[in-house]
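Please read this briefing alongside the sequence and the coordinates. Its points are grouped by topic.

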Amino acid sequence: MNQVLRPTAEVQYAEELDALKKADHNPKPARWELSPAAVLCYLLGGKLPNGMIIEPKYIGNKRLIEIAVATLATDRALLLMGVPGTAKSWVSEHITAAISGSSALLIQGTAGTSEEQIRYSWNYARLLADGPSPDALVPSPMMKGMQEGKMVRIEELTRIPADVQDSLITILSEKILPIPELNAQVQAQRGFNVIATANDRDKGVNDLSAALKRRFNTVVLPLPASLEEEVTIVQTRVDKIGISLNLPAEKPAIEEIRRLVTIFRELREGKTIDGKTKLKQPSSTLSTAEAISVINQGQALAAYFSDGRLKAADLAAGIIGAVIKDPVQDKTIWGEYLETVIKERGEWKDLYRACRDLR
Amino acid sequence: MNIHYLGIRHHGPGSARNLIDALNSIKPDAVLLEMPADVRDALEAIGTKAIQPPVALLIYNPDSPTQASFYPFAEFSPEWQAVLYCKKNLVHLRCFDLPKSNWLALSAEESIATTENVEKEALQIRQDPLGYIGSLAGYEDGERWWDNLIEKQGSHEQTFRAIQEVMTALRTELALPESGETLLREAKMRQTIREAAKDLYENIVVVCGAWHIPALTDYAKTEKEDEKQLKKLKKVKVEFTWIPWTYERLATSSGYGAGVISPAWYEILFKVKREKVLTQWMTRAARLLRAQGIDASAAHVIEAVRLTYALAAIRGQNLPGLEEMLEAATSIFGGGYPEPIQIIHKELIVGNKMGGVSATQNNSPLKRDFELHLKKLKLSKYWGRQEKQELELDVRNPVNLEKNRFLYRIKLLGIKWADKNKYAKKSQNARITYELWVFKWKPEMEIAMLEAGVWGNTILEAVTNKNANLIRSSDSLEALTAIFKDSLKADLPELNKTLLRKIRNLATASKDIFALISILPELVEISRYTATDLHKTDVSIVRDLIDEIIPRLCISLPYLCSMLDSEASTDMWNRMREAYQAIRTYNHQAHLKDFHDALSKIIAFNNIDGLIVGGSVRILSDFGINDIEKTRQLLSYSLSLGIDTQYVMRWLDGFLMDSVTILLFNPDILTIIDNWLISLKETLFMEYVALIRRVFSRFSVPERQKILNLLMTEKRTQEAPTRTASAEILLNAENVASIQKAFTEWIDFIYLKN
């Protein structure tokens, strides 16, 4: 068994990518492993002529993924925006895996990301011994991507300080990376492009400058549109994670997932699913990703401290933790919701009691 | 003799362009157009200055205006272009559809005789067959299919032949049952073709919806049946009028059935060559957004155009359509969000163009209905006269009630002819039983009436539609409550239900206490309508709403007040007083208690403006919540030395409100104020003089005289300065100079005594 905790997309889906490559007869942009149409098929799922089923990686608005792939085909950089937990990184990993065959060229954006991490740094021992030379140069993932003509990912672009962000402008518009110390420059090969993910609604983010924003085509990934869609997403992801974590628990019942997703959606949208009651919205995001982690946490609780079957009591703590982010406001909002909505639903009695006990 | 069948798509810009080309090369000597035969005269206005598209031809039965049809035209409507061609080239034009007089006379059963089981899809196919074929070919917009067709066919002749073939196939394959109405219309069309042929026209062009073409080509064979069918038709009187139309209306409904989702986009398609449409549209979009302060440079446009092409390619379509363009614009101009580029939808897709019709042409059914009402209600003398006229209505009289309703409806229609007299001050009860109207007519109102015709053919219909639309688009509690107040009196039960639901939803979600407190008095007044039973609308829901709002209001009030500056506080206090008045009128003990509790909290807070605090103390005292001992304590507290002058003055201002009774009946309180004045140091005293004078100047001379007397008699035993201090202020309040003199004297006096 694979001992890696989380295999990369291209490893996990190597079979699908191989099959797609064999079946793909459409024209490909330079250094793309697959044609744009095949990339779409890989992301959105489909059936190959030989009968192989391609699993959908992104469940949701097909048109958004089409915009994303079309953007990369025009050599423009792609910026995926959205609130936390809308599968931005997930999509970017799979797109790079499909286009370049590797999702390894990654720059993780943090408040501490420096210009060297985006451009290049030096091997100081060699630098001191031989002076500036190509051998002393340590290329960044960005530089490698330019040299090899591959997709580069930047995670959390808006967490990078604004002045460091702007070092991307030359790379994206001129497609060159100057190295003044060696009086040289790296010219990007065809096939190079950048996919960045960003979150514009969080605390402590640095907005992109207009100049940088102009270099990106932006696609906003929304929260799932319907209850069914969201339940499907949570279920598939939970199953996958459950397998890779080897949890000795039963698969969670679809009813539990539906209940959880219903609660999240109702609070997020500020009204009950039937649209009859208006609700106050808590400050928490309550994204699909959070629903997934609540289920996972509940499963772990059930597996190690109970009989292995996910029950309301295992979920309650997770739900409350996800909903109440602001200890004063959210708490009253949750209390109101518990008393007016959850309590009223006959078949939710167990959940109501479990939540009540924790208050 | 040649007959050319040009099957068009109603309101299709592609059809219109092709039609023009075809007419120019065929050079016909007669054109037969799919319009009711009896409105041929109306088309004479097309191409003159009297009407500018978008306009609609309204054909109606003058005896019952609800029996009517609209025929909207835009510049890109093929029919419009056909008429223009005929006028320009002096070609004979004949309308060959069933006369509207027969059409409107068809009873309901006759017109749907053979279409009992028509499914929705079948209906759609018949309304826009070319759009249906386009959707089969994978195009979301029928126009794009048309564009592709033309590119493939090359010439207009082949295009129209291809359409004829496709339609023939569609009608035989689907074999949809045709309605009795359609069969009659097609019989009439064939009849007219035969007549035109008999009239020796040599080169005839038939312009009609593509759907009908297959039924017309064999016109010669069905002569006997057609004549028989058409002979037995009944007739009603019809009249027509042109009315201005808007792109927005064109987008929502259309008399032809062929709906146009995006008039502004169609206009661009009509006016701009296909290969230039994308760049033109993107550039216009960028300019629009730039005017809104959104970053949209020429470089953005280039990228948006490139993305549009890439998107069309990835979707396997050789011409990019509106969907791709919008998505590219969202990604590049909107930063991925559709909200910033909303304006594109408004201006470049639907568009806000409004047509024009000169006022002389107004003969609309709405106007007739209005005049009918004027006559019936004996209000004619108020219309058409520019001088101001007044009318008082006692609505307990049913005739007056009817008049009152009508006037409220006109008001809600946005015609500012009759308005409520705002200055008429009446008691609460009189406000409900008496209505005082002021009339002022202006010529522009004729045009307003014409424009209102867009909303419906009768006053009731128009006022309902217009306000339903307003309600949908408004999220302002105050505006909606204002409409509600009027629409209750206008007796529009359907509208009221929608309004009430929306107000309730908004009020539940609203965090805007200002808005809630402002609508409360109105709501209370509305809730009283039932009590008098004059306006037979069930307003029990209003009472529920009030019962919901008041407790919420009372909880938030203290916190809200503590955040206001002095100007906002004045505003707030006025609203609070009105709300208080309303709550008292509403007369519900629990609510009153809630409000009093809120006031007690306000007093306890130490960062609220003096006006509100002073006023709250007064209300609680008047109502006996705080006994006089408590009031005295609060008064002394707020008059403590070291408190800001402004605060003290505003406190007193709020405390004394509009009446001095509290001073007259509570000598203790007067004494506190009096003693406080004496204790002031000279400089501070001078500072207060003008301010105090302002507070007291609000009271009438007799009131001030009374206080003075009180001071003189009750305090006679006390030391002299007391008396002089307050007394002089009161006496001389009218005259600044004498006040100053009085105080100098007073100060001298004090110093002498010491």
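The notes below cover confidence, the interface, the nonpolar cores and some backbone details.

This is a predicted model, and for the complex the predictor gives an ipTM of 0.82 together with a pTM of 0.65. In the interface, 19 residues of chain A are in contact with 19 residues of chain B.

**Confidence**
- Chain B has a mean pLDDT of 79, with 84% of its residues reaching 70 or more.
- Residues 715-723 of chain B have a pLDDT below 50, and beyond near neighbours in sequence this stretch has 10 contacts in the model.
- In residues 733-738 of chain B the pLDDT likewise stays under 50, and the model has five contacts for them beyond four places in sequence.

- On the side of chain A that touches chain B, helix H4 (62-73), helix H11 (210-213) and strand S11 (216-220) of chain A each supply at least two residues, and the largest share, seven residues, comes from H4(A).
- By residue class, that side of chain A divides into nine nonpolar, four polar and six charged residues.

**Nonpolar cores and buried residues**
- The largest nonpolar core has 242 residues, of which A:Val39, A:Tyr42, B:Leu32, B:Val206, B:Val207 and B:Ala329 touch the most other members.
- Helix H26 (residues 540-561) of chain B gives the most to this core, contributing nine residues.
- Leaving aside neighbours within four places in sequence, A:Val39 is in contact with A:Leu34, A:Val69, A:Ile95, A:Ala98 and A:Ile99.
- A second, separate core of 27 residues includes A:Ile233, A:Leu286, A:Ile292 and A:Leu351.
- Within helix H6 (residues 129-136) of chain B, the buried residues include B:Pro129, B:Leu130, B:Gly131, B:Ile133 and B:Gly134, and just after H6(B), B:Gly138 takes a positive phi of about 90°.

**Backbone details in loops**
- B:Pro53 and B:Pro54 are joined by a cis peptide bond with omega of about 0°, and B:Pro54 lies in the loop between strand S3 (51-52) and strand S4 (55-61) of chain B.
- A:Arg31, although not a glycine, has a positive phi of about 60°; this residue is found in the loop between helix H2 (14-23) and helix H3 (36-44) of chain A, and A:Arg31 is partly exposed, with 16 other C-beta atoms within 10 Å.
- B:Asp491, also a residue other than glycine, has a positive phi near 60° and lies in the loop between helix H23 (477-489) and helix H24 (493-509) of chain B; B:Asp491 counts as partly exposed, with 19 C-beta neighbours inside 10 Å.

How values were computed
Residues numbered from 1 in each chain as written. Chains lettered and ligands numbered in written order. Predicted model: local features only at pLDDT ≥ 70, side-chain atom pairs only at ≥ 80, totals over all residues. Contact = placed C-beta atoms within 7 Å. Helix = DSSP H or I, 4+ residues; strand = E, 2+ residues; numbered from the N terminus. Nonpolar A, V, L, I, M, F, W, Y, C, P; charged D, E, K, R; others polar. pLDDT = per-residue confidence, 0-100. Buried ≥ 20, exposed ≤ 12 C-beta atoms within 10 Å, placed from the backbone. Core = buried A, V, L, I, M, F, W, Y, C linked by C-beta atoms within 7 Å.
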